[in-house]
There are 2 protein chains.
Amino acid sequence: MQKLIDYIEQFVKLDRESIEAIESLAEIEIYKKNLLILKPGERCNKIWFIKKGMVRKYHLHDGEEITSWIHTENETCTSLQSYAQNTPSEEYLQTYEDSELISITKDNSEKLAEFPKIVAFVNAMMGREFANIDKHTKALNQRDAKGRYEYLREIAPEILKRAKIGHIASIIGVSRETVSRIRKA
Amino acid sequence: MQKLIDYIEQFVKLDRESIEAIESLAEIEIYKKNLLILKPGERCNKIWFIKKGMVRKYHLHDGEEITSWIHTENETCTSLQSYAQNTPSEEYLQTYEDSELISITKDNSEKLAEFPKIVAFVNAMMGREFANIDKHTKALNQRDAKGRYEYLREIAPEILKRAKIGHIASIIGVSRETVSRIRKA
DNA sequence: GTTTTCTTTTGATGTAGGTCACAAAATTAT
DNA sequence: ATAATTTTGTGACCTACATCAAAAGAAAAC
């Protein structure tokens, strides 16, 4: 649980009460790899913090899997669209390796809302997520295949090290073969 | 101001006090076309609601203007990254036609935070913005030039009617010439 | 209303990267 | 270990779209 506290403290310094509240309401979840922790149609009512492992986010388009991101240790993940809007998810969340996650349900995070520090954290985290999506979108659109690959190396080297080439290709929107050729060069 | 109230009431029903609070803190801004209302380096401390006109959002890449979106009547606009993270903006906001905007500064929106209805609105609006960005990104990445153009027609027909072809091309990430050819066909 | 400037159209040409097909390599299962 | 399966690499080919250039059209300025 300490890792989650450390993560939150990147955003705001927590007081004793806030830490205790988080510890009592967060839950630990252990999963084997390739397990679907969220499916389309389900409402996503949790935010997960990844203590160990990776979680892949993907959706289907014309029967084909499109990987939008792979989250690694010390990051949070959720289906933003489903969580923020309270609508059925359109995407899958799947463990990519054997993983240990810490989850906080939306109900519990509403209970935590009486702690101002925690509200400040959630806002800051959401703000950062927001800004990141915006940044990535722009960055990827402006680059060619090589440039996209290199951008991914800059901002998420872990993905390049640990993900399959096909998933990497999907994230940056090029074909598997092209990523293979970029690597060779 | 009524249009802003109507807009907010899409998200939450407002009580009398909330309406009065909004009316006393929101400001009306009148601009001629092509005026820069936000420049890179400035901190964006406002959310604008567009009562009349259009606002183009763009940034520079290798000296070239990349248009990321054009907002039309009855929409809000802001530099999300700058506003949410309180960092200097990396983008320009420019009126695209003579416009009437209603602005609420961040300071004032914090004053409005004592009204729970208004907090609920801000959260809902941010959630929707978030979900939209996410949706657009995915939608555009999966389509070819024609498909992207048609997607834009579905979700923002006003842009196709009123924006210059070069800006439309930039939004969907294809060349001006290609959009011209798509239109001809 | 004419000139100047900005925007769009159209044609010709080049190329980045997609698709297909199969071989090599690496994982996983038995 | 060996076999079965999944993943990655490589070559050949092709097409969607970028880029360049120049004309036509529209809007703004005088």
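In this predicted model, A:Ser175 lies in the loop of chain A that runs between helix α8 (165-172) and helix α9 (176-184). With a relative accessibility of 34%, A:Ser175 is classed as partly exposed, because that class covers values between the 20% limit for buried and the 50% limit for exposed. The side chain of A:Ser175 forms a polar contact of 3.0 Å with the side chain of A:Thr178. A:Cys44 is 131 residues away from A:Ser175 in sequence, and their C-alpha atoms are 30 Å apart in space.

Is A:Glu91 buried or exposed? Its relative accessible area is 2%, so A:Glu91 is buried, since buried means under 20%. The side chain of A:Glu91 makes a polar contact with the side chain of A:Ser79 at 3.1 Å. Apart from neighbours within four places in sequence, the residues in contact with A:Glu91 include A:Leu38, A:Tyr58, A:His59 and A:Thr78. Also among them is B:Lys138, a residue of chain B.

| Residue | Relative accessibility | Side-chain polar contact |
|---|---|---|
| A:Ser175 | 34%, partly exposed | A:Thr178, 3.0 Å |
| A:Glu91 | 2%, buried | A:Ser79, 3.1 Å |

The next topic is strand β7 of chain B, residues 92-95. In a regular strand, side chains alternate between the two faces of the sheet. In β7 of chain B, B:Tyr92 and B:Gln94 point one way, while B:Leu93 and B:Thr95 point the other way. These four residues are all buried.

Which strands pair with β7 of chain B? One is β2 (residues 36-38), which runs antiparallel to β7 and is joined to it by two bridges. In this pair, B:Leu38 stands opposite B:Leu93. Another is β4 (residues 55-61), also antiparallel to β7, with four bridges between them. Here B:Tyr58 is placed opposite B:Tyr92.

The last topic is how the two chains are related. Chain A is superposed on chain B by a rotation of 180° with a shift of 0.1 Å along the axis, and the RMSD is 0.0 Å. The two copies are therefore related as by a two-fold rotation axis. Of the interface residues of chain A, 100% are also interface residues in chain B, so the copies meet through the same surface.

Notes: Residues numbered from 1 in each chain as written. Chains lettered and ligands numbered in written order. Predicted model: local features only at pLDDT ≥ 70, side-chain atom pairs only at ≥ 80, totals over all residues. Heavy atoms only, no water. Buried < 20%, exposed > 50% of the residue type's maximum accessible area, 1.4 Å probe, protein only. Pairing = 2+ DSSP bridges. Least-squares fit on C-alpha atoms with pLDDT ≥ 70 in both. Contact = heavy atoms within 4.5 Å. Polar contact = N/O pair within 3.5 Å; in protein donor to acceptor, adjacent residues only side chain to side chain.
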